Amino acid sequence: LVPVFGVGCSDLYATYSAFRRPREWLQRTLAVALPIFHGRCLTPLPYRVPVTIVLGAPVVVPKQGVPQLNGDAAATSSSSSSSAEWPTQAVIDETHQRYIDGLKRLHAAHAPAGRKLEIL
């Protein structure tokens, strides 16, 4: 699992908040998001801006056996153990936090000054 961060991706298109309330209603009601954006010459072509992709240090994920699912022939490989279990929520949360920390380190090291990192 490797944290990856793209610097400059948010500058590829211009976005607008026009008709925000009807678009939010549509998104809540029909689960359809309609962003209003444009690129060069009011087309969907992105603006020509530099985009830098940076890779962080790999996050070590604890090795888990593959749990055997009912009727899943792929899970019966020789590398899986019959006592294998799904990872616990604590293991998932801890691995997720290490990934987020890796993204924060990448942002601090490579993002332009004044750019805020927002993780949803």
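Arg-115 counts as partly exposed, at 35% relative accessibility; the classes here are buried under 20% relative accessible area, exposed over 50%, and partly exposed in between, with a 1.4 Å probe and protein chains only. Before going on, a note on the source: this is a predicted model, local features need pLDDT of at least 70, side-chain atom pairs count only at pLDDT 80 or more, and totals for chains, interfaces and linings use all residues. Residues are numbered from 1 along each chain as its sequence is written, and side-chain values use heavy atoms, with hydrogens and water left out.

Back to Arg-115. Its side chain meets that of Asp-11 in a salt bridge, 2.8 Å from N to O. The two residues are 104 apart and link distant parts of the chain: Asp-11 is in the loop between β1 and β2, Arg-115 in the segment after α2. Asp-11 is also partly exposed, with a relative accessible area of 33%. By salt bridge I mean a side-chain nitrogen of Lys or Arg within 4 Å of a carboxyl oxygen of Asp or Glu.

How many salt bridges does a search of the whole structure find? The search finds 3. Another one joins the side chains of Arg-20 and Glu-24, at 3.2 Å, N to O. These two are separated by about one helical turn, because they sit 4 residues apart in helix α1, residues 20-30. Arg-20 is partly exposed at 45%, and Glu-24 is partly exposed at 32%. Glu-94 and Arg-98 also meet through their side chains in a salt bridge, 2.7 Å from N to O. They are 4 residues apart in helix α2, so about one helical turn separates them. Glu-94 comes out at 40% relative accessibility, partly exposed, and Arg-98 at 27%, again partly exposed.

Now the overall layout. The protein chain has 2 helices and 4 strands, in the order β-β-α-β-β-α from the N terminus. Helices (H or I, at least four residues) and strands (E, at least two) are DSSP runs, numbered from the N terminus. Of the 120 residues, 18% count as buried. Among contacts with a separation of 6 or more, 61% are between residues 24 or more positions apart, contact meaning heavy atoms within 4.5 Å.

Which residues make up the largest nonpolar core? There are 5: Phe-5, Val-7, Val-54, Leu-106 and Ala-111. A nonpolar core is a set of buried Ala, Val, Leu, Ile, Met, Phe, Trp, Tyr and Cys residues joined through side-chain atoms within 4.5 Å. Neighbours within four places in sequence aside, Leu-106 touches Pro-3, Val-4, Phe-5, Val-54, Leu-55, Gly-56 and Ala-111.

His-107 lies in helix α2, residues 89-110. Is His-107 buried or exposed? It counts as buried, because its relative accessibility is 12%. Leaving out neighbours within four places in sequence, His-107 contacts Phe-5, Arg-115, Lys-116 and Leu-117.

Last, the rings. Rings of Phe, Tyr and Trp (its six-membered ring) pair if their centres lie within 6.5 Å; planes under 30 degrees apart are stacked, over 60 edge-to-face, and the rest tilted. The count comes to 1 aromatic pair. Tyr-13 and Phe-37 form it, edge-to-face, at 5.2 Å centre to centre with 85° between the planes. Tyr-13 is in the loop between β1 (4-7) and β2 (14-16), and Phe-37 in strand β3 (residues 36-38), 24 residues apart. Tyr-13 is partly exposed at 31%, and Phe-37 is partly exposed at 40%.
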